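Please look over the structure below before reading on.

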There are 2 protein chains.
Amino acid sequence: MTSSAAEPRLPNPSDVEAAAARLSGLATATPLLHSPALDRRCGGRIFVKAECLQRTGSFKFRGAYNALAQLDSDARRRGVVAYSSGNHAQGVACAAELLGMRATIVMPRDAPRIKVANTRSYGAEIVFYERDREEREVIALRIVAEHGAELLPPFDDARVIAGQGTVGLEIAAQAAALGVRLDAVIAPCSGGGLVGGTALALSAQSPGTKVYAAEPEGFDDLRRSLAAGSRLANEPGRRSICDALLATSSGVLTFALARRLLAGSLVVSDEDVERAMAAAFDDLKLVAEPSGAAALAAVLAGKLDATGRTIAVVLSGGNVDRPAFAQALGRA
Amino acid sequence: MTSSAAEPRLPNPSDVEAAAARLSGLATATPLLHSPALDRRCGGRIFVKAECLQRTGSFKFRGAYNALAQLDSDARRRGVVAYSSGNHAQGVACAAELLGMRATIVMPRDAPRIKVANTRSYGAEIVFYERDREEREVIALRIVAEHGAELLPPFDDARVIAGQGTVGLEIAAQAAALGVRLDAVIAPCSGGGLVGGTALALSAQSPGTKVYAAEPEGFDDLRRSLAAGSRLANEPGRRSICDALLATSSGVLTFALARRLLAGSLVVSDEDVERAMAAAFDDLKLVAEPSGAAALAAVLAGKLDATGRTIAVVLSGGNVDRPAFAQALGRA
């Protein structure tokens, strides 16, 4: 038990198991869905881990709760601070509410309205910043200094990564229950907590399964970093509809996991993402936010050849405003 | 085992149990979802049975497969005929494909495109009719006479009702696993197979739970029939966006079940339904077709007071065309 921020040790598979025990009865065991129509679109056998049905509408609750639940009572009293474009915000706010903690969230002013409203609904205080002009880390650290609160990073934290890894643990168990051997799993990637944790879980549970990240065009730092062998950042000034996948670079821990465990990173365009949102609508009856659809987009756009293969994709979140969703349906 | 059409006996709870055994591993055990945001909108504790995630995108697969799986090999060889606005069509087509049977479906020419395309994708032959000018039952019976095929009615059949009842069986088990006592369950109602089967299952599993139908304005034959004590039909010429809830009247079996087991029927407007579709989008990340959202609409519109109560609603299907969905999001 510790109240310190990110520790410099990598999480291991048993941390994911411990996270699953902490989350039992609190996180939704989201279904692993299958659709013949989606198979026809992709040319392979596709399973979709519906994390949009998770508490708070994205996988982020898992990591946030797993981290905050390990704080001692002194640390819990001091509260938690986080910076997030919205899904980590909701995850932290919801976990803090469950644990009786005060939460302060630093969010970009252009975050989707639904993410702001939901974060507030869990009782969190929101501090806005301008995405292009201010450093969210600096604002968060100022609040930490003032309140002595715990800063919970969005991805570069062993407890957060282990929590997100429970997605991979569930995929492995669900595939086994269906008698399915997974050739590959793809998860959306911003800082790499979800895909890193998922790869960690699968390395123990299903070592023959290759794990890939999916990144938006202009934010493919992980793909370039894996090629270079060291952490690279994204160029400033790029745009993507994937508002939750805009981290500048992966973290120290997440990049170490990615180098060791990932088979690669697949890059998708905004158009690929909108088509995947429409496919999730038509074939799965699921609401995917743009970022949440990135892994499905990778397989639909043929970034990983699905022919004759069995692939699970993580549909990681569904927090999207109505007009943006209607627009994606209309364009795709 | 019999190959005859609807038998004049009412199904009983053990028929629902037998249906569940037949459907095990074939039907999706759809999740019972909960959302604090939805609770706030309704003023009570609301659970949503996500049947839009069912195979074929609606609950109809359950009843269709349960009926066709009981046919002997001679009857299976002769094939199956059904008439349907689209969800029973998909259910029958998918079940027939799984059982190696030929399926012919009589569908209205104005059925949602997604329902037509999906029905065809399971290998069924489609015969179109004009909703206002032709009698679908007559067309179906002509095909039956020509081919000697089994006619599978959309609701007034003990095997179909028992299959749909597995929705209720799962709700009871899922609520029990959550430690939740359900005050009420609401299900959309056209001919009454889903709500009748659900009430049948709950009468055995959770006898303290009241079961209500939800019907669209202009198609509230069940509400009026329950008041009159005999089966009444809907007036011709009315319109509703609930394309799957336009049956002229309930059936002999379904009305007998409704009189015995239902607490009442709640009537919702098209506007109530569109608001419910938008709420399912915002709070549950689920795609609801208009008919599928009718029960949620009833509780959101206060047709059943949710204050201080725990209510499960069946979100019965998600087969809706993209433009219709975008329009509902924009208007609600």
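Predicted model: local features only at pLDDT ≥ 70, side-chain atom pairs only at ≥ 80, totals over all residues.

Residues are numbered from 1 along each chain as its sequence is written, chains are lettered from A in the order in which they are written, and side-chain values use heavy atoms, without hydrogens and water.

**Symmetry**
- Chain A is superposed on chain B by a rotation of 180° with 0.0 Å of shift along its axis, at an RMSD of 0.0 Å (least squares on the C-alpha atoms of residues with pLDDT of at least 70 in both).
- The two copies are therefore related as by a two-fold rotation axis.
- Both copies use the same surface, as 100% of the contact residues of chain A recur in chain B (contact means heavy atoms within 4.5 Å).

**Contact between the chains**
- Chain A gives 25 residues to the contact, and chain B gives 25 residues.
- About 2,200 Å² is buried between chain A and chain B, with 63% from carbon and sulfur atoms (accessible area, 1.4 Å probe, lost on putting two parts together, summed over both).
- A:Phe281, A:Lys285 and A:Arg322 supply 36% of the area that chain A buries against chain B, more than any other three residues.

**A helix pair in chain B**
- Helix H3 (residues 60-68) and helix H8 (residues 158-177) of chain B have axes 7 Å apart and pack at an angle of about 135° (axes are lines fitted to C-alpha atoms over the stretch in contact, and angles run from 0 to 180 degrees between N-to-C directions; helices are DSSP runs of H or I, at least four residues, numbered from the N terminus).
- Residues of H3(B) in this contact include B:Lys60 and B:Arg62, and those of H8(B) include B:Arg159 and B:Glu170.

Definitions and conventions
Helix = DSSP H or I, 4+ residues; strand = E, 2+ residues; numbered from the N terminus.
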